[in-house]
Structure formats: structure tokens, C-alpha cells
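Open the model in a viewer and keep the selection panel at hand.

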Amino acid sequence: MFPSTRLRRLRRNAALRHLTQETYLHPHQFIYPIFVDENLKENKAIASLPGQYRIAEAVLPQYLQQLYAEGIRAVLLFGIPKKKDADGLLSLEKEGFLARIIHNAKTATPEMLIISDNCFCEYTQSGDCGVTRKGCVDNDLTLKNLAQQAVLCAQAGADIVAPSAMMDGQVQAIRKALDKEGLYETPIMAYSTKFCSSFYSPFREAVDSHFLGHRASYQIPFPNSKEALYESALDEAEGADFLMVKPAGLNLDILHQISTQTQLPVVAYQVSGEYASLQFAAQAGVLDIDAAMVESLTCIKRAGARVIITYFARALIKLLEEQGNHV
Ligand code: PBG
């Protein structure tokens, strides 16, 4: 065959590789999840997520300012309240913990995108994602509360609301409620394709959830790709501004298909179990954590994610900075 094809020509040195690299990681397209704990006086390490901390409520403002100075531009807030109740209704109080941490976060760092995770699993005693009736989460009762919680968060200063409860119709219910309050500029980041995954378990320790049940009656079964695509199409039709795939790294096939089928920005959530797997493997000395971090995130991006939610965001941005944006 002539001319002779030699792919190694463009791999010869770093400058050639960088010139032709198809996928780059950019610090502005990461979202860093943060756990804010009402019970703590000082930050506390999360054993299930090496390198991550529960942040004491009083420390949150200065912590966010530090993250902003490091280059983080978007955070996803999870609250760990002092008191939980049967249906999670304490999260709906105007002067309550959830509204307060969002307001304080926005006030401390007005330029930072503050994203609220909207669900009830941190606020119910059972750890269920909504109102339970006869042992099952009731879809439509939960919808009403979710819409109220999203409005509360937007009014408290959330730039984006991110419903993660997986109730049918939640995007539409939230869109209607936001618009009714004049909050038509608040985008909805829909957890549209959220699989029922065992990879969320380190998160449950992180938020102090004592959940013993199963989310199979509302989250998507992982063997099903048509159902996953349908969920995402429905959320788009209901008015979502972002779609999401979660867990990201296990579902690159779905992520890729969704990204080719929609014009909306697609977000990928590299979840707690994915992060913990890499961290504990690195601790055992069998993986280089920086290399594994960069590879896992670049491949998620290559599959079609525009934005990535990851517990690595802070470490990645530091590495990008150190290496002049070439990782
Ligand atoms: C709330 C929520 C969960 C996660 C994000 N939002 C837990 C769940 O659905 O059980 C998991 C995030 C992670 O594992 O990193 N519903």
C-alpha cells in the first residue's frame, strides 16, 4: 500500500500528540460535589471516599472561597441535616438548613455556580427518596414536595436545580412550579438516566444515610438501554436544560447514544463507587491515581459528556494547573 500509513508519525513527541489530541479536559466543565453537615463543628474525613470531607456548616463560606480561588466554578450541594422526619418535610422550611446553606453558599461566592441536588433521601428517617405509603415511595405525593423544594432552593440562590429522585414527571412538575414563581431563568439539570446502582454505596456513608431498602421501583434497571434512552427523551420533552447519565464510567454506551441524539448539554456523574474503586486500588499500590483520574475522566468526555460531576474535580484542576493544561 502506498503512501505507507504510519500512525506513529503523529505520536512521536508531546507537541505532536497535544496538537492532534481530540479530547481535552477543561476546568470550567467540572462540577464538584460538596457535603455540608449541620452537626459538625469542624470538617470530617469521609472514610468511604478517601480525600473527601464533610464540611461543617460554619466553614462552608470560606471553603467555597478557597475552591473558587483554586479554579472550581460549579458545586453540587448535598446537605446532612441535624434532624430528619418521616417524609423529609424539614427540607421545605423557608428558614431551614437546606435553604440556609444555599443562601450562604451563594452569598459567599456569588460567581460560583451553586447547584442543588433535589431529593429527600438525606431528609427522611428511612433514607427513601420521597413520601412513602405502604412501604413504597408515592410518585405524585413526592412530586408536589419536590417541586416545592426546587422552588425553595432557587429562591434561596441556587443557580441550577438538579432533581435526582427519579419520580415520573418530576422535570415537568418542577418547571411548572418554577415558572409560576417567576423563576423561568432557573435551569433544570435532570438526573435523567440514573441507573439503580450498587456504586452509590460510598455516597450513603458520606451523607450518613441508614437506608436499608432498595431503589429498584424508581431507578432504571442497568440491563436496559432502550428504557434509559426513553427516560432521557422524556425529561427533555418535559423541559430539562441538561440531561445526565449516572454512573458515568459504567454506562459510556448510553452516554454516547444520548449525546448524539440530543442538542442539550449532557452531564456525566462519576459516582462515589467509581471514585472509591480507583482510590482504594491506588492505596493498595496497584494504580497510579493521577493517571487513573485523567484517563477515567477523559474517556467519559470522549464518550460525549460536556460536563462531568466528579469527586476528583479539585485534584484534577490542581493537576491541570501544575501541568499547563496538558494532562
Ligand atoms: C440522591 C443522590 C444519590 C446520589 C446522588 N444523589 C444517592 C442515591 O440515589 O441513592 C449518588 C451519588 C454518588 O454515588 O456519588 N438521590
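**Stop one: a loop glutamate**

Select Glu 38, which is placed in the loop between strand 1 (30-37) and strand 2 (44-45); helices (H or I, at least four residues) and strands (E, at least two) are DSSP runs, numbered from the N terminus. This is a predicted model, in which local features need pLDDT of at least 70 and side-chain atom pairs count only at pLDDT 80 or more, while totals for chains, interfaces and linings use all residues. Residues are numbered from 1 along each chain as its sequence is written, and side-chain values use heavy atoms, with hydrogens and water left out.

Show the side chain of Glu 38: it makes a polar contact with the side chain of Arg 100 at 3.2 Å. A polar contact is a pair of N or O atoms within 3.5 Å; within protein, one must be able to donate a hydrogen and the other to accept it, and residues adjacent in sequence count only if both atoms are side-chain atoms. A polar atom of the Glu 38 side chain also lies 2.7 Å from the backbone nitrogen of Lys 82.

**Stop two: the ligand**

Which ligand atom is 2.5 Å from an N or O atom in the side chain of Tyr 311? It is an oxygen atom. An oxygen atom of the ligand also lies 2.9 Å from a polar side-chain atom of Arg 215. For Ser 164, a side-chain N or O atom is 3.4 Å from a nitrogen atom of the ligand.

**Stop three: two backbone features**

Go to Pro 247, in the loop between strand 10 (243-246) and helix 8 (252-261). The peptide bond from Lys 246 to Pro 247 is cis, with omega near -5 degrees. Finally, select Lys 134, in the loop between strand 6 (132-133) and strand 7 (136-137). Lys 134 is not a glycine, yet has a positive phi of about 50 degrees. Most residues other than glycine have a negative phi, and most peptide bonds are trans.
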